[in-house]
Amino acid sequence: MRDYDEVTAFLGEWGPFQRLIFFLLSASIIPNGFNGMSVVFLAGTPEHRCRVPDAANLSSAWRNHSVPLRMQDGREVPHNCRRYRLAAIANFSALGLEPGRDVDLEQLEQESCLDGWEFSQDVYLSTIVTEWNLVCEEDWKTPLTSSLFFVGVLLGSFVSGQLSDRFGRKSILFATMAVQTGFSFLQIFSVNWEMFIVLFVIVGMGQISNYVVAFILGTEILGKSVRIIFSTLGVCTFFAVGYMLLPLFAYFIRDWRMLLLALTVPGLLCVPLWWFIPESPRWLISQRRFKEAEEIIQKAAKMNNIAVPMVIFDPVELQELKPLKQQKVFILDLFKTRNIATITTMSVLLWMLTSVGYFALSLSSPNLHGDAYLNCFLSGLIEVPAYITAWLLLRTLPRRYIIAGVLFLGGGVLLLIQLVPTEYNFLSVGMVMLGKFGVTSAFSMLYVFTAELYPTLIRNMAVGVTSMASRVGSIIAPYFVYLGAYNRVLPYIVMGSLTVLIGIITLFFPESFGMTLPETLEEMQKVKCTHLIFRFRFGKKTRDSMDNEENPKVLITSF
């Protein structure tokens, strides 16, 4: 019996129909780019200090010295969360005493910001931080805001595949677009932080669901040769385009509510795509809706100016399309043998730590020296050559070496940032972007690498579990950025160390490049983690080691 690709081979690989689907589905990903990273500007924290009420009877000298100084990155800066006790300095001011000359400031009693804060408007006019005072004792809410968005992403990744399997790719694609756009619009009317984050979780659910379903729809409609380009360059590059548009919007619109409004408008532009993007013929066939599938294929042939065969689906073949009874698989099958369990554990670590690096570097771009908007744009721009490089490397070189190589590149330059003198901030920014290049390249290769490692029976489950690990990584990533409040280079030291570590672990994976995809668990067991197999004892091959070659045992090395 012919498979779907054979049945539709007469359409060609890259006709007008395929080009239209490629670009429309890729374009539908653009809003995901700026919605996914919008928290960078929505929750931006400007410079701030304790407010001193205008009604306070202070001389200009005492007003200028009302906030104590603290050391930050080797220099004295005004304290963000403390001020001198207002009653005391008002008394000194009334007595005509001068700060520093008549009064030792280091001996003065301090208090918290009882009258709120003064926020600088040099970078942002307003953010959710300035609106709801998410600083000092409340500053834990800022990284939590980002984390809860990614919790929504995690929840959405659970349900998106199941919903699209049940209700169809096209319906769920546009439903999740509506969820992302609609709930982003509702966030504009948030009256408190709690309302904002609840809506943000739902936006996260819609964001990833839209991304996943568009990915599935494209891979099911497009031919084999175009499918790889779509899943690497198409989807990823258009996400980066959306990412680059975010700082452009934010630069001209510096009020968070108006910025959110502007970011919802492109979602409305996706509505006309309903009349151009078809349902997946593969999904229709799986639902035994053959007539609808044939109509879509006939329209595609007409668009490609190709004659349609008299019979697209042979009635005899249709009878054979009843799904075969497949062996049931469970998540524990990913740990069925020591070899598989080791590969799964390393895969989970690889996905999670690479995700931490990617999202922490993305979210920290406004904290870099220089213009926050330019740095965010560069952070998005560097992803384009990273995706192209990953695609080119995947075509010709062994997987584990290229993934480890770009991770060593990314982690190495991040570790070197601590050696850059403070006055060479431009060099630090360049090194962060180079680190982002390496981590992004590695991140974009993981789907291909993981899919090649596992047999058909558990491949989807393996990709799902490891992808879920990456969501966990994105949830904890904002707290790596938060470390920057204590030391400017601390986030890069931690991220660089973890990235190099996971690069080393990657070298212990079995190689998948040029190998036939395993079909069964038994075939996967023959894949040898050559650097981990303990074959020899005292320099000689023993009988046990000879027996173990068919079922190699894995020695887990601790680092």
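## Disulfides, surface and confidence in a predicted model

With cysteine sulfur atoms within 2.5 Å taken as a disulfide, the count here comes to 2 disulfides. Please keep in mind that this is a predicted model. The chain has 559 residues, and buried residues make up 51% of them. Its secondary structure comes to 24 helices and 8 strands. Here is a friendly tour, starting with the cysteines.

**The disulfide of Cys 50 and Cys 113**

- Cys 50 and Cys 113 form a disulfide, with 1.8 Å between their sulfur atoms.
- The link of Cys 50 and Cys 113 is left-handed, with -60° about the S-S bond.
- Cys 50 sits in strand 1 (residues 48-50), while Cys 113 is in the loop between strand 5 (110-112) and strand 6 (117-119), so the pair ties together parts that are 63 residues apart in sequence.
- Both Cys 50 and Cys 113 are buried.

**The disulfide of Cys 81 and Cys 136**

- Cys 81 and Cys 136 also form a disulfide, and their sulfur atoms are 2.0 Å apart.
- The torsion about the S-S bond of Cys 81 and Cys 136 is about -95°, so this disulfide is left-handed.
- This pair links distant parts of the chain, 55 residues apart: Cys 81 is in the loop between strand 3 (75-78) and strand 4 (82-84), and Cys 136 is in the loop between helix 7 (128-132) and helix 8 (141-167).
- Cys 81 and Cys 136 are both buried.
- Counting bonded cysteines along the chain, the disulfides follow the pattern 1-3, 2-4.

**Two further cysteines**

- Cys 270 has a relative accessible area of 7%, so it counts as buried.
- Cys 376 is buried as well, with a relative accessible area of 0%.

**The surface**

- The accessible surface of the chain comes to about 26,700 Å², and 62% of that surface belongs to carbon and sulfur atoms.
- A nonpolar patch on the surface is formed by Phe 185, Leu 186, Phe 189, Val 191, Met 195, Met 258 and Leu 261, which together have about 630 Å² of accessible area.
- Helix 9 (169-187) and helix 12 (256-268) are the elements that give two or more residues to this nonpolar patch.
- Met 195, one of the patch residues, is found in helix 10 (residues 193-221).
- With a relative accessible area of 32%, Met 195 is partly exposed.

- Ala 485 lies in the loop between helix 21 (456-482) and helix 22 (490-506).
- Ala 485 is exposed, because its relative accessible area is 54% and the cut-off for exposed is over 50%.
- The C-alpha atoms of Ala 485 and Gln 72 are separated by 9.0 Å, although these residues are 413 residues apart along the chain.
- Among contacts in the chain with a separation of 6 or more, 79% are between residues 24 or more positions apart.

**How confident is the prediction?**

- The mean pLDDT of the chain is 81, and 86% of its residues reach 70 or more.
- Confidence is highest in helix 7, at 93, and lowest in strand 7 (residues 536-537), at a mean of 37.
- Over residues 525-559 the pLDDT is below 50, and this stretch has 53 contacts in the model beyond near neighbours in sequence.
- Where pLDDT is low, predicted coordinates should not be read in detail.

Definitions and conventions. Residues are numbered from 1 along each chain as its sequence is written. This is a predicted model: local features need pLDDT of at least 70, side-chain atom pairs count only at pLDDT 80 or more; totals for chains, interfaces and linings use all residues. Side-chain values use heavy atoms; hydrogens and water are left out. Helices (H or I, at least four residues) and strands (E, at least two) are DSSP runs, numbered from the N terminus. Buried means under 20% relative accessible area, exposed over 50%, partly exposed in between (1.4 Å probe, protein chains only). Patches are made of residues with over 30% relative accessible area and no salt bridge: like charges are joined within 9 Å, nonpolar side chains (Val, Leu, Ile, Met, Phe, Trp, Tyr) within 5 Å. Accessible areas come from the Shrake-Rupley method with a 1.4 Å probe; for residues, only the protein chains shown count as cover. A salt bridge is a side-chain nitrogen of Lys or Arg within 4 Å of a carboxyl oxygen of Asp or Glu. pLDDT is the predictor's confidence in each residue, from 0 to 100. Contact means heavy atoms within 4.5 Å.
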